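Look at the sequence and the structure shown here.

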Amino acid sequence: MTDTKLEVEDLSVRFATRDGLVDAVRGVSFTLGREKLAIVGESGSGKSTVGRTLLKLHPASARIDARVLRFGDTDLLRAGEKAMHAIRGRRMSMIMQDPKYSLNPVMRVGDQIAEAVLAHQRLPRAQVREMAIAMLEKVRIREPQRVYDRYPHEISGGMGQRIMIAMMLIPNPQVVIADEPTSALDVSVRSQVLSVLDDLVDERGLGLLFISHDLNLVRSFCDRVLVMYAGRVVESIAAADLDRAQHPYTRSLLAALPDIDHRRAVLPVLQRDPGWLTH
Ligand SMILES: Nc1ncnc2c1ncn2[C@@H]1O[C@H](COP(=O)(O)OP(=O)(O)OP(=O)(O)O)[C@@H](O)[C@H]1O
């Protein structure tokens, strides 16, 4: 791993709710360099809260504490709204699960990319169109000239997700947070989106924080894995070493994965241990 882009030390996020305080993230530490770092864990373990906190997209009810929360040379803890506005979507971007909610349904996809280009630089109309088409090619969309004129409902989920990635790339971000970017896609298009993300890390040298509940997927796609349980990182491990994971929670997640070669009459049930929180 080279050049640290994100540094997180002892991050805690607590929400004030009507039913009391919720400790969503507890003492999480990690760094992100030029790599694909996964955060895995079951629903409610705090993965998305970590991602949103880095962009300070948390609701007002959240209380954020950390010893270090740094993006490049910016101290995110002290960064005000103006500084965050300059970072969000420019230097650090987020890809959400479902592109349908992010694309404008009444605007042609090419025009949406062109608008994103124009938001960052002033260029003549024809050149903007050329750039938008080049971005579509970059995310491996075939017949980009035709796709340019389509509306979001006329394209597939996988194509929509790649269009979102194309838009996100325009300002050349250093860090991308992808929150379950492929869970709404079927398996055949999932690999197209993953290979586009893979190229970005290789070619542009960006850092990818890949949030997922799918241990099998991150095992083959990511370089390192943080396993979260009830707000804590219980294990941090190279993806290639997952089979040698030490923590009982990681081991039970692995044991619960379906195995096509060994059918089981009874599916394993994950047995929880209160001691996991103190490991
Ligand atoms: N705005 C909020 N107000 C109150 N509690 C919240 C808020 N956002 C998240 N939480 C709580 O924080 C905890 C962590 O939620 P988070 O969404 O980060 O988990 P997750 O691991 O990303 O789950 P999922 O995979 O379902 O998205 C949960 O208990 C959730 O209910």
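## A residue in helix 8

Does Leu 217 count as buried, exposed or partly exposed? Leu 217 counts as partly exposed because it has 17 C-beta neighbours inside 10 Å. A residue is buried if 20 or more other C-beta atoms lie within 10 Å of its own, exposed if 12 or fewer, and partly exposed in between, with C-beta atoms placed from the backbone. Leu 217 belongs to helix 8 (residues 215-221).

The model is predicted: local features need pLDDT of at least 70 and side-chain atom pairs count only at pLDDT 80 or more, while totals for chains, interfaces and linings use all residues. Residues are numbered from 1 along each chain as its sequence is written. Helices (H or I, at least four residues) and strands (E, at least two) are DSSP runs, numbered from the N terminus.

## Helix 3

Helix 3 (residues 109-120) has twelve residues. Its first and last C-alpha atoms are 18 Å apart, close to the expected 16 Å; the expected span is 1.5 Å times one less than the number of residues.

Among the buried residues of helix 3 are Val 109, Ile 113 and Val 117. An α-helix has 3.6 residues a turn, so residues three or four places apart point the same way. The cover over the buried residues of helix 3 includes helix 4 (125-138), helix 5 (144-148) and helix 6 (157-169).

## The nonpolar core

A nonpolar core is a set of buried Ala, Val, Leu, Ile, Met, Phe, Trp, Tyr and Cys residues joined through C-beta atoms within 7 Å. The largest one here has 70 residues, and those with the most contacts inside it include Ile 113, Val 175 and Leu 209. Helix 6 supplies the largest share of this core, eight residues.

Leaving out residues up to four places away in sequence, Leu 209 touches Leu 32, Leu 37, Ile 39, Gly 51, Val 175 and Ile 177. Contact here means C-beta atoms, placed from the backbone, within 7 Å.

## Strands 7 and 8

In strand 7 (residues 92-95), Met 92 and Met 94 point one way, Ser 93 and Ile 95 point the other way, and all are buried. Strand 7 pairs with strand 8 (residues 175-179) in the parallel sense over four bridges; pairing requires at least two bridges found by DSSP. Met 94 has Ile 177 of strand 8 as its bridge partner.

Conventions. Two residues are in contact if their C-beta atoms, placed from the backbone, lie within 7 Å.
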